[in-house]
Amino acid sequence: MRGVVMHKAGDVRLEEREDPKILEPTDAIVRLTATCICGSDLWPYRGIEPVDHTAMGHEYVGVVEEVGDDVRNVKVGDFVVGSFVISDNTCEICRSGYQSGCVHREFVAQTIGTQAEKARIPHADGTLVPTPGQPDPELIPSLLAASDVLGTGWYGAVAAEAGPGKTVAVVGDGAVGLMAVLAAKQLGAERIIAMSRHPERQELARFYGATDIVAERGDEGVAKIKELTGGLGAHSVVEAVGTQESTMQAIGATRPGGHLGFVGVNYDVTIPGIDLFFAGIHTEGGPAPVRRFLPDLIQLIWDRKIDPGKVFDLTLPLDQAAEGYQAMDERRATKVLLTF
């Protein structure tokens, strides 16, 4: 099969890889219908994470081709959406709703690699969720978004306790930030402030439910949020970038007693303890337990109540994956869909 391999930072190639095989009775083999490039794939691309001839990709939808003897919840022919974190969905941590911390946790990124024609998914019963039927082609981008960015943005909004009567601020206008705006709207937030300085992303944020746009960053961004909230700050803030500046901006924008959901991969972020202490806020975040939300998100998409697929603004064939990485690295694309 063909699959994307990153040889070293900035060096992305499409190569022939060995077809996956059932290794454990809980495995499934999925022929992928679509995949994509994630903002977190740019960490190794930019040399921030180590990479060495690594199979890339962790977002995926497709049709089950083969299952192990112990698989019960999915069958050959099912169209499935899978989380970017492998989980059994039965351990104590999973049952508490944090499947991304499963005792059998395995990250699909840089191990399984789903920027490929097929993938072996361990713990298929706990990781894959079948759709109600074979989806119409126009639903596939939205279902693919549910595999990571939609579920991650949704978790950010849930962790921030977005809901009726709340003012929600979203720091970050990439795919996850835009999905957090969508989630906040669906969760009933009264006011949604998207922090963005890119006109095309501002437009998409408004489509997903943003009521206000703040272009300022850092201390100026915090000041603007407080100005819009009577000097108090937002009830709920989602941090969807992971940089030092965005993290401190998110903490500063959260009112005392408010909730911060952090879902940006935060390399080299240092929070001064005294700043966190006097902020007086609730915090929750980390790798999103996408599996917790998948059944509901799939149904919302299936019923055409949400359209997260609009976050894909560039579609390329798999053999042009290198161009997709470059486009996202140069911010010419928010999120790239890869087709077969």
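# Reading a parallel sheet and its helices

Q: In what order do the six strands of the open sheet stand?
A: The order is β13-β12-β11-β14-β15-β16, and the pairing is parallel. Two strands pair if DSSP finds at least two bridges between them. Helices (H or I, at least four residues) and strands (E, at least two) are DSSP runs, numbered from the N terminus. This is a predicted model: local features need pLDDT of at least 70, side-chain atom pairs count only at pLDDT 80 or more, and totals for chains, interfaces and linings use all residues. Residues are numbered from 1 along each chain as its sequence is written, and side-chain values use heavy atoms, without hydrogens or water.

Q: Which are the edge strands?
A: An edge strand pairs on one side only; here these are β13 (212-214) and β16 (282-285). From one strand to the next, the twist averages 20 degrees. Axes are lines fitted to C-alpha atoms, for helices over the stretch in contact, and angles run from 0 to 180 degrees between N-to-C directions.

Q: How many bridges join β15 to β16?
A: Four bridges join β15 (residues 254-262) to β16, and the two run parallel. Take H259: its bridge partner in β16 is H282.

Q: Which strands does helix α5 touch?
A: Contact means heavy atoms within 4.5 Å. Helix α5 (residues 149-159) packs on the sheet and touches β14 (234-239), β15 and β16. The direction of α5 makes about 160 degrees with that of β15.

Q: Which residues of helix α9 are buried?
A: Start with the general idea. An α-helix has 3.6 residues a turn, so residues three or four places apart point the same way. Buried means under 20% relative accessible area, exposed over 50%, partly exposed in between (1.4 Å probe, protein chains only). In α9 (residues 244-253), the buried residues are S246, T247, Q249, A250, I251 and A253. They pack against β11 (167-171), β12 (191-195), α8 (218-228), β14, β15 and α10 (273-279).

Q: At what angle do the axes of α8 and α9 cross?
A: They cross at roughly 25 degrees and come within 9 Å. Angles under 35 degrees count as roughly parallel, over 145 as roughly antiparallel, 65 to 115 as roughly perpendicular and the rest as oblique. So α8 and α9 are roughly parallel to each other.

Q: Which residues meet where α8 and α9 touch?
A: From α8 come G218, V222, I225 and K226; from α9 come E245, Q249, G252 and A253. These divide into three nonpolar, three polar and two charged. Ala, Val, Leu, Ile, Met, Phe, Trp, Tyr, Cys and Pro count as nonpolar, Asp, Glu, Lys and Arg as charged, and the others, Gly among them, as polar.

Q: Is D268 buried or exposed?
A: D268 counts as exposed because its relative accessibility is 73%.

Q: How many residues of strand β3 are buried?
A: Eight of the 10 residues in β3 (residues 28-37) are buried. β3 pairs with β5 (residues 60-67) over seven bridges, in the antiparallel sense. There, T35 stands opposite Y60. Four bridges link β3 and β9, again antiparallel. In that pair, A28 stands opposite I121.
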